[in-house]
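Here is a quick tour of one protein chain, written for someone who likes to keep the model open while reading. Have a look at the structure, then follow along.

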Amino acid sequence: MRSLQALWALITAALIFLLMANMTPIMVFDVSGNTQSNHIITGVMSLFYQGYWPLAFLVFCSAIALPTIYFLAFWYLLGGCSLKKRWPGLLLALSIVDILSSWNLIPVFAVATMAAVVKLDQLGSIEWKIGELWIAVLAVTSLIATHFFDRRMMVDVMEKLRRRQ
């Protein structure tokens with residue numbers, strides 16, 4: 001998958017999966033008849049209201065904010081390079097992708113969510129919802145995109161774009 005367009009399409013899909021993972025419930029948790037549907041953001045808010053604000057901040061950053069910034073910067077970078085357009089901020093987008101690639105915790109978040117469900121199942125009943133599927137698909141997409149990302153190719157394309165002007 002050396003094609004920039006194919007990688008751009010994959011990142012476009014990842015952005016859609018990220019949106020779906022944040023918009024759909026992950027699970028329904030039932031303890032003694034008290035049922036709660038959980039989204040990523042409701043988990044963040046619950047941690048915050050229980051006084052675990054550092055953990056809430058960490059979950060918000062690792063599951064919502066940083067992946068959104070990472071995939072948007074990745075999409076912008078690939079878009080400019082795929083279309084051979086010298087969009088403003090391509091170098092900044094490349095820097096963001098470089099910095100956040102090591103902080104791409106979506107695969108870790110997917111595994112942690114599944115592990116938490118196993119633990120929570122001891123307290124009550126858990127029903128998986130479609131949100132967990134979106135998280136899993138996003139994790140796999142993220143790993144594939146990271147594997148096929150070629151920073152040197154991006155720099156070469158941006159250098160050619162710069163020389164054309």
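Glu159, Arg162 and Arg163 are linked in a network of salt bridges, a salt bridge being a side-chain nitrogen of Lys or Arg within 4 Å of a carboxyl oxygen of Asp or Glu. Before going further, a word on what you're looking at: this is a predicted model, where local features need pLDDT of at least 70, side-chain atom pairs count only at pLDDT 80 or more, and totals for chains, interfaces and linings use all residues. Residues are numbered from 1 along each chain as its sequence is written, and side-chain values use heavy atoms, with hydrogens and water left out.

How many salt bridges are there by this rule? The count is 4. Three of the pairs are set out here.

| Pair | N to O distance | Where the residues lie |
|---|---|---|
| Arginine 151 and aspartate 98 | 2.6 Å | helix H7 and helix H4 |
| Aspartate 156 and arginine 152 | 2.8 Å | both in helix H7 |
| Glutamate 159 and arginine 163 | 3.6 Å | both in helix H7 |

Take the arginine 151 and aspartate 98 salt bridge, with its closest N and O atoms 2.6 Å apart. Arginine 151 sits in helix H7 and aspartate 98 in helix H4, so this pair ties together parts that are 53 residues apart in sequence. Arginine 151 has 40% relative accessibility and so counts as partly exposed; for the cut-offs, buried means under 20% relative accessible area, exposed means over 50%, and partly exposed is in between (1.4 Å probe, protein chains only). Aspartate 98 is also partly exposed, at 29%.

Now for the pairs inside helix H7. Aspartate 156 and arginine 152 are 4 residues apart, about one turn of the helix. Aspartate 156 is partly exposed at 33%, while arginine 152 is exposed at 51%. Glutamate 159 and arginine 163 have a spacing of 4 residues, again about one turn of the helix. Here glutamate 159 is partly exposed at 28% and arginine 163 is exposed at 57%.

## The overall layout

Zooming out, the protein chain has 7 helices and 3 strands; these are DSSP runs (helices H or I, at least four residues; strands E, at least two), numbered from the N terminus. Read from the N terminus on, the order is α-β-β-α-α-α-α-β-α-α. The C-alpha atoms fill a box of roughly 65 × 30 × 20 Å, taken along the principal axes. Out of 165 residues in the chain, 40% count as buried.

## How the helices pass each other

Helix H1 (residues 4–23) and H3 have axes that come within 9 Å and cross at roughly 155 degrees. Such axes are lines fitted to C-alpha atoms, for helices over the stretch in contact, and the angles run from 0 to 180 degrees between N-to-C directions. H1 and H3 are therefore roughly antiparallel to each other, given that angles under 35 degrees count as roughly parallel, over 145 as roughly antiparallel, 65 to 115 as roughly perpendicular and the rest as oblique. H1 passes H3 in a left-handed crossing, meaning that the near helix is turned anticlockwise from the far one by less than a right angle (right-handed if clockwise).

H3 also meets helix H7 (residues 151–164): their axes come within 10 Å and cross at roughly 50 degrees. H3 and H7 are therefore oblique to each other, and their crossing is left-handed.

Isoleucine 144 is in helix H6 (residues 130–148). Isoleucine 144 and isoleucine 11 are 133 residues apart in sequence, yet 9.8 Å apart in space, C-alpha to C-alpha. Isoleucine 144 counts as partly exposed, at 34% relative accessibility.

Which residues form a nonpolar patch on the surface? They are Ile41, Met45, Phe48, Tyr49, Trp53 and Phe60, with about 690 Å² of accessible area together. The elements giving two or more residues to the patch are helix H2 (40–49) and helix H3 (53–82), and H2 gives the most, with 4 residues. Patches are made of residues with over 30% relative accessible area and no salt bridge, with like charges joined within 9 Å and nonpolar side chains (Val, Leu, Ile, Met, Phe, Trp, Tyr) within 5 Å. The areas come from the Shrake-Rupley method with a 1.4 Å probe, and for residues only the protein chains shown count as cover. Tryptophan 53 lies in helix H3 and counts as exposed, at 57% relative accessibility.

Last stop: lysine 84, in the loop between H3 and helix H4 (90–101). Lysine 84 has a positive phi of about 55 degrees although it is not a glycine. Most residues other than glycine have a negative phi. Lysine 84 counts as partly exposed, at 42% relative accessibility.
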